Amino acid sequence: MHSDPFTLVSNTTDPQLKQIGEKILRKERISFDDGVVLFEKGSLSWLGALANWVREEKHGNKTYFNRNFHIEPTNVCVFSCKFCSYSRLYASREEGWELSIEQMMHIIKSYDGKPVTEVHIVGGVHPKMTLAFFIDLLKAIKAHRPDLHIKAFTPVELDYMFKKAKVTVEEGMKLAHEAGLDSLPGGGAEIFHPEIRTQICEDKVDADGWLHIHKTAHLLGMHSNATLLYGHIEKFWHRIDHMDRLRTLQDETGGFNTFIPLKFRNKDNDMSYVKESSVIEDMRMYAVSRLYMDNFPHIKAYWPMLGRQNAQLTLSFGVNDIDGTIDDSTKIYAMAGSEEQTPAMSTADLVTLIKQVKRQPVERGTLYNEIRDYSEVDVAEIEVNPLLN
Ligand code: V47
Ligand code: SF4
């Protein structure tokens with residue numbers, strides 16, 4: 001569907017865009033100002049052709065997914081992010097839930113014998129869920145299923161529990177890692193720049209705190225992801241500022257696996273007056289992410305947020321990872337108005353989605369170790385084989 005990027009760039013009439021396109025095709029890093037110009041002037045087709053080229057240079061047709069499930073320990077939260085449709089203030093407790101270790105272990109055990117490789121644990125910040133509580137949870141999961149990769153807790157949760165336990169970030173991360181925490185998900189990043197952060201989530205960990213926790217995890221040998229919440233009150237340059245801070249830390253540690261742009265959804269939150277971005281703007285966001293984040297190996301589209309068809313479309317705009325089966329009542333998105341009210345896709349669904357756009361579906365572990373190439377596996381066979389589906 002895309003034009004040849006070399007012809008496209010040589011025919012580009014805008015001199016600024018042409019120069020940036022030439023840099024990209026020479027595999028040179030683009031600057032902060034170049035990134036802003038891409039957002040301001042790059043058409044969907046121009047950005048798409050270049051992002052797709054970069055994606056194919058890095059990964060060919062491979063499109064990764066994993067078999068995972070989510071646990072949300074609580075939706076009670078001491079913070080009050082304006083975009084959040086999910087948390088219930090600690091004081092009011094209306095519609096709040098909190099799971100005990102036994103209840104979470106019950107969920108873990110319900111996957112016994114199923115070929116999932118990862119559990120993703122993220123929730124609100126409940127004052128009674130302490131570092132000691134989560135250390136017990138991590139140990140219980142590892143005692144039951146040592147090979148299950150635990151990707152859990154954002155710096156928002158970690159910063160709060162470390163401060164409450166009066167430990168430093170270094171001490172706290174070491175304790176969590178030793179108890180079984182394998183890697184960190186990308187949440188809580190939102191928009192780093194204080195001009196926006198103070199308006200949308202002023203009371204939680206700031207940019208430096210978020211980056212420090214990820215850096216500490218990287219120095220302990222752990223990997224992590226990073227997100228950016230886009231399409232609300234931020235300007236293009238705030239997005240680039242955010243990506244630039246991540247790109248700089250990645251130069252230092254190399255610990256990030258994946259960058260995940262998250263589309264702001266406006267249902268039932270204090271920012272419902274803000275219109276959601278168009279599909280065109282979504283695809284431009286993914287494409288610029290692929291072009292700017294040159295040292296991030298993977299760009300992921302989170303399908304519960306975007307909807308399956310738009311997630312499929314991102315595979316032509318720089319994305320090479322489509323998350324996983326998820327299998328959850330992922331309430332944080334359902335409550336914010338995402339397309340998917342109870343997100344779960346079977347392996348057959350994911351493989352079909354990827355094959356429909358002529359990409360090569362590859363199941364991965366959390367750290368992108370390749371588990372199985374599904375290009376030659378028939379979807380009908382996946383549906384009847386419990387080890388595949
Ligand atoms: O930080 C909250 C976002 C994030 C809304 O690392 C919203 O693999 C849009 O980071 N509209 C948490 N987004 C989820 C997250 C994540 C999800 C899946 C995979 C990974 C990974 C990470 O959800 C929050 C916030 O940015 N969020 N409310 C909303 N109304
Ligand atoms: Fe709490 Fe996270 Fe919601 Fe913010 S986004 S209010 S930290 S649950």
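Y111 is buried, at 8% relative accessible area; buried means under 20%, exposed over 50% and partly exposed in between, with a 1.4 Å probe and protein chains only. This is a predicted model, in which local features need pLDDT of at least 70, side-chain atom pairs count only at pLDDT 80 or more, and totals for chains, interfaces and linings use all residues. Residues are numbered from 1 along each chain as its sequence is written, chains are lettered from A and ligands numbered from 1 in the order in which they are written, and side-chain values use heavy atoms, without hydrogens and water.

**Aromatic pairs**

- Rings of Phe, Tyr and Trp (its six-membered ring) pair if their centres lie within 6.5 Å; planes under 30 degrees apart are stacked, over 60 edge-to-face, and the rest tilted.
- The count by this rule is 12 aromatic pairs.
- F69 and Y111 are stacked, with 3.7 Å centre to centre and 15° between the planes.
- F69 sits in strand β2 (residues 68-71) and Y111 in the loop between α5 (101-109) and β5 (118-121), so their pair ties together parts 42 residues apart in sequence.
- Helices (H or I, at least four residues) and strands (E, at least two) are DSSP runs, numbered from the N terminus.
- F69 counts as buried, at 0% relative accessibility.
- F79 and Y160 form an edge-to-face pair, because their ring centres are 6.2 Å apart and their planes stand at 85°.
- This pair links distant parts of the chain, 81 residues apart: F79 is in the loop between β3 (76-77) and β4 (88-89), and Y160 is in helix α7 (residues 155-165).
- F79 is buried at 12% relative accessibility, while Y160 is partly exposed at 21%.
- Ring pairs also join F192, W210, F256, F259 and F296 into a cluster.

**Charges over rings**

- A charge sits over a ring if NZ of Lys or CZ of Arg is within 6 Å of the ring centre and within 35 degrees of the ring normal.
- R239 lies over the face of F39, 5.0 Å from the ring centre.
- R364 lies over the face of Y368, at 4.3 Å from the ring centre.

- Helix α11 (residues 236-253) has 18 residues and should span 26 Å at 1.5 Å a residue; its end C-alpha atoms are 26 Å apart, which agrees.
- The expected span is 1.5 Å times one less than the number of residues.
- Its buried residues are H238, R239, I240, D241, H242, M243, L246, R247, L249 and Q250.
- Their cover includes α3 (32-41), α9 (194-200), α10 (207-219), β8 (223-230), β9 (256-263) and α12 (279-292).
- L246, in helix α11, is buried at 0% relative accessible area.
- Beyond its neighbours within four places in sequence, L246 contacts F192, W210, L211, A226, T227, F256, F259, M293 and F296; contact means heavy atoms within 4.5 Å.
- The C-alpha atoms of L246 and F256 are 8.8 Å apart.
- G254 follows α11 and has a positive phi, near 65°.

**Helix α12**

- The 14 residues of α12 should span 20 Å at 1.5 Å a residue, which agrees with the 20 Å between its end C-alpha atoms.
- Of these 14 residues, 12 are buried, so α12 is largely enclosed by the rest of the structure.
- Among the buried residues are E281, D282, R284 and R290.

**Ligand 2**

- The residues around ligand 2 include C77, F79, C81, C84 and K204; a residue counts as near if one of its heavy atoms lies within 4 Å.
- The shell has 7 nonpolar, 2 polar and 1 charged residues.
- Ala, Val, Leu, Ile, Met, Phe, Trp, Tyr, Cys and Pro count as nonpolar, Asp, Glu, Lys and Arg as charged, and the others, Gly among them, as polar.
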